[in-house]
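Hi everyone, thanks for making time today. I'd like to walk you through one structure, a few spots at a time, so please have it open as I talk.

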Amino acid sequence: MDIASSNPLVKDEIRAIPEEGVIGTSDQHKNLTSSSAPNDQNEFEMFKAAIVETIEENKVVEESRLILSRSNSLGNESVPSPNRSRQPSEYAHDADDIEKNRVASISPHAPQNAPVVLSFQDLYVTTGPNRSGKILLHGVSGSITGGFWAIMGASGGGKTTLLSALSLRLDTKKMNITGDFRLNGREYSKSVLKAMSAYVMQDDLLHAELTVAETISYAAQLRLPFNTSTQERKDRENYVMDLMGVQHVRDVIIGDTRRKGISGGERKRVCVAIELLRKPQLLFLDEPTSGLDSTTAYDVCHALKNLSDLGVCTVVCTIHQPQVKIFNLFDNLILMKKGKIVYQGSCQKSLKFLESAKLPCPASVNPADHLLDLISPKSNNAFDVNASTKVPVDLFIGVDKSFYASKRVAFRSWFFHFTVLSRRSFQQYYRNTELFWMNFWLTIVLAFFVGSGIWRDIGNAQDSLPKRVPSLFFCAVSQGIVAALQCISSFPSERAIVLRERAAGSYFVSSYFVAKSVVDIATQVLVPTIFSVIVYFMIGYQVDASKFFIFWGFMILDSIAALSLATMIACLCVTLEKSTVALSLLLEIARLYGGFFTSPQQLNDYPGWRFADALSYVKYVFVGVALNELEGLELTCTDAQVSANKCIRSGTTIMEERGYDQYTMGFCAGILIVYIVGCRIVGYVALRYLKS
């Protein structure tokens, strides 16, 4: 019998109740029968009738009574028989039974061993202040009750925004976020969530030179509390590797496009294993199957399913279009459409919901594909009607579970982080043997080219002057360029890893940057040393030990200054494309005002451009080595040159003519040190505060 059609009061009550499995927006309490679209009205009437017909076929479970008690249900009596006279108050009980049937059929799976329950209500995310910009999330509400959760939706539906909002990873400077959040029934801050949860990014950001065991070991040293013993740390490392199934590749390097390493699925599981080191109770993952084949994707999701089944943590992930095997692993499902939650409930019972809505999934179609088709932006069905309704959320659910707000975990000191990061950076550098040997042989080849040809054994005659000064300038220009270019090409990926580790609370940015600077300085000594030993004696500069070591010292400062400039540019510009353009511009300016094409004496006539001269690190290297070489240099002259008054007998004459004597070697070395430190400080500030 069609109760709704024969009783207007029941019809009104049905109109007021939420639809199946839906958590909607908080600002849209609309009268569903007032829709102007006939198709929406017909779909709603069919959906409503389907719910009414199932009242006689299903018994309400005890769980529905608990949920209805929070929702202020109207009563607990069954539907009265249509054969007797009914009181008006009894019609409300029909709506109550419909609501009970709805809750019983699609209520989320809530395992008893779930360590965390995450609730949210009236969550709005906009791109401008005070909801003035584009609305990304429309007042969504719901509860993550434990188990393995999947957030699905078409591109632009808001699934990644919802995941980022719940994990407090949205940039509040660019987005406005409002709503109530509860973690185990309590309000939580970013620091509390960081202590209780972990976040696995879509990109597998790992150091390619390290093995799986080394990667997890360094992460454990940086993340685990200081009172963790060495044996406890190793046991934890082995536990997470066993848990994620990567123990068999523990001694295989991570690898990249140039070096064969572990597979894509193993990389993803290593990323999850790193996040499990601190025993998180809530695990967020952004597209964990992205870029993986079907078998590997299933292995990753099966490992995540095991984590939730064992009660290790509650798992929440976004996923685009899972295969059937993966879809069946999910305990619960959230469907997003245009920033609204159109379904939230049991994953397996979602098909029953579709059947009741007269939208059954064909036997030969993947349920995930069918659901995505129904919630595509151009679709118009029962999901759209349900999106405008709201189910009350119990923000205090899970209040009996543990909470970390009152617990303080002491982590390692700044110096300990510096030591571990320095050791890791050194290991990465020397593990990259291909790059090491390429730099070694490139330096030797370049040194022989410079020391051969017209600059070989220039001597002390008058014709050595046109060769001596240009050769010094080329030495100043050439050192550090290769290292600078390598830094520009490699640092963006390393920067992304730093930001991920920093977001996880692994270490201070300052400890990383100081460790990187120390390693850069230490590893830049070898190349200038090889270059100086070959070039200095092949060209035939003054044979004096002190002058050689001064030349060698300036070459080291030159190399470190160029690398520091590149590091600063990479931190400021963020992307490889912008960094390459900016570095090229600054290197050209450094050469132009490097003291050779425009000498210090010439710039005295252009005081407005002395700032460019002061910013060129090449100038201070060149002037420093020129002072070192020209000071005390004695030149020989022929009788003809003396007669023609074209004889320069001392290098001091050149120093005075070109204005090099305005500076001292100590001043040039000091300015280079200040330049290096200044670039490093600016780079650190940019890395610390520029996140994108």
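This is a predicted model: local features need pLDDT of at least 70, side-chain atom pairs count only at pLDDT 80 or more; totals for chains, interfaces and linings use all residues.

What is the phi of L168? It is positive, about 55°, even though L168 is not a glycine. As for the surface, L168 counts as partly exposed, with a relative accessibility of 23%.

There is another residue of this kind to look at. K338 also isn't a glycine, and its phi is positive, near 55°. You'll find K338 in the loop that runs from strand 8 (332–337) to strand 9 (340–346).

Now let's zoom out for a moment. How many helices and strands does the chain have? There are 29 helices and 9 strands. Of the 692 residues in the chain, 54% are buried. If you take the contacts with a separation of 6 or more, 79% of them join residues 24 or more positions apart.

Next, the cysteines, for those of you thinking about disulfides. How many disulfides does a search of the whole structure find? The answer is 0. Take C301, which is in no disulfide: the nearest cysteine sulfur belongs to C317 and is 6.1 Å away. A pair has to be within 2.5 Å to count as a disulfide, so the distance of 6.1 Å from C301 to C317 rules that pair out. Is C301 buried or exposed? C301 is buried, at a relative accessible area of 0%. C313 is buried too, at 1%.

On to helix packing. Two packed helices are described by the angle between their axes and the distance between the axes. Here are two pairs.

For the opening pair, please find helix 17 (residues 433–451) and helix 21 (residues 526–539). Their axes come within 9 Å and cross at roughly 20°. Helix 17 and helix 21 are therefore roughly parallel to each other. The crossing of these two is right-handed. Which residues make the contact? From helix 17 they include F436, F440, I444 and F448, and from helix 21 they include L526, I530, F531 and M538. Sorted by class, the contact between helix 17 and helix 21 holds 15 nonpolar residues, 3 polar ones and no charged ones.

The other pair is helix 19 (residues 481–503) with helix 20 (residues 509–523). These pack at an angle of about 150°, and their axes are 11 Å apart. That angle makes helix 19 roughly antiparallel to helix 20. Helix 19 passes helix 20 in a right-handed crossing. On the helix 19 side, the contact is made by F491, E494, V498 and R502, and on the helix 20 side by V509, Y512 and K516. By class, the contact of helix 19 with helix 20 has 4 nonpolar residues, no polar ones and 3 charged ones.

While we're in helix 19, have a look at Q486, which is found there. Q486 is buried, with a relative accessible area of 17%. What does Q486 touch, once residues up to four places away in sequence are set aside? It touches L435, M438 and N439.

Two more residues and I'm done. R424 belongs to helix 16 (residues 414–431). Is R424 buried or exposed? R424 counts as buried, at 6% relative accessibility. Leaving aside neighbours within four places in sequence, R424 is in contact with H207, L210, Y218, L222, E501 and Y507. R424 and E209 are 215 residues apart in sequence, while their C-alpha atoms are 10.0 Å apart in space.

Finally, V625 lies in helix 26 (residues 617–630). V625 is buried as well, with a relative accessible area of 1%. Not counting residues up to four places away in sequence, V625 touches L472, F551, F554 and M555. M555 is 70 residues from V625 along the chain, and the C-alpha atoms of the two are separated by 8.8 Å.

Definitions and conventions
Residues are numbered from 1 along each chain as its sequence is written. Side-chain values use heavy atoms; hydrogens and water are left out. Buried means under 20% relative accessible area, exposed over 50%, partly exposed in between (1.4 Å probe, protein chains only). Axes are lines fitted to C-alpha atoms, for helices over the stretch in contact, and angles run from 0 to 180 degrees between N-to-C directions. Helices (H or I, at least four residues) and strands (E, at least two) are DSSP runs, numbered from the N terminus. Angles under 35 degrees count as roughly parallel, over 145 as roughly antiparallel, 65 to 115 as roughly perpendicular and the rest as oblique. A crossing is left-handed if the near helix is turned anticlockwise from the far one by less than a right angle, and right-handed if clockwise. Contact means heavy atoms within 4.5 Å. Ala, Val, Leu, Ile, Met, Phe, Trp, Tyr, Cys and Pro count as nonpolar, Asp, Glu, Lys and Arg as charged, and the others, Gly among them, as polar.
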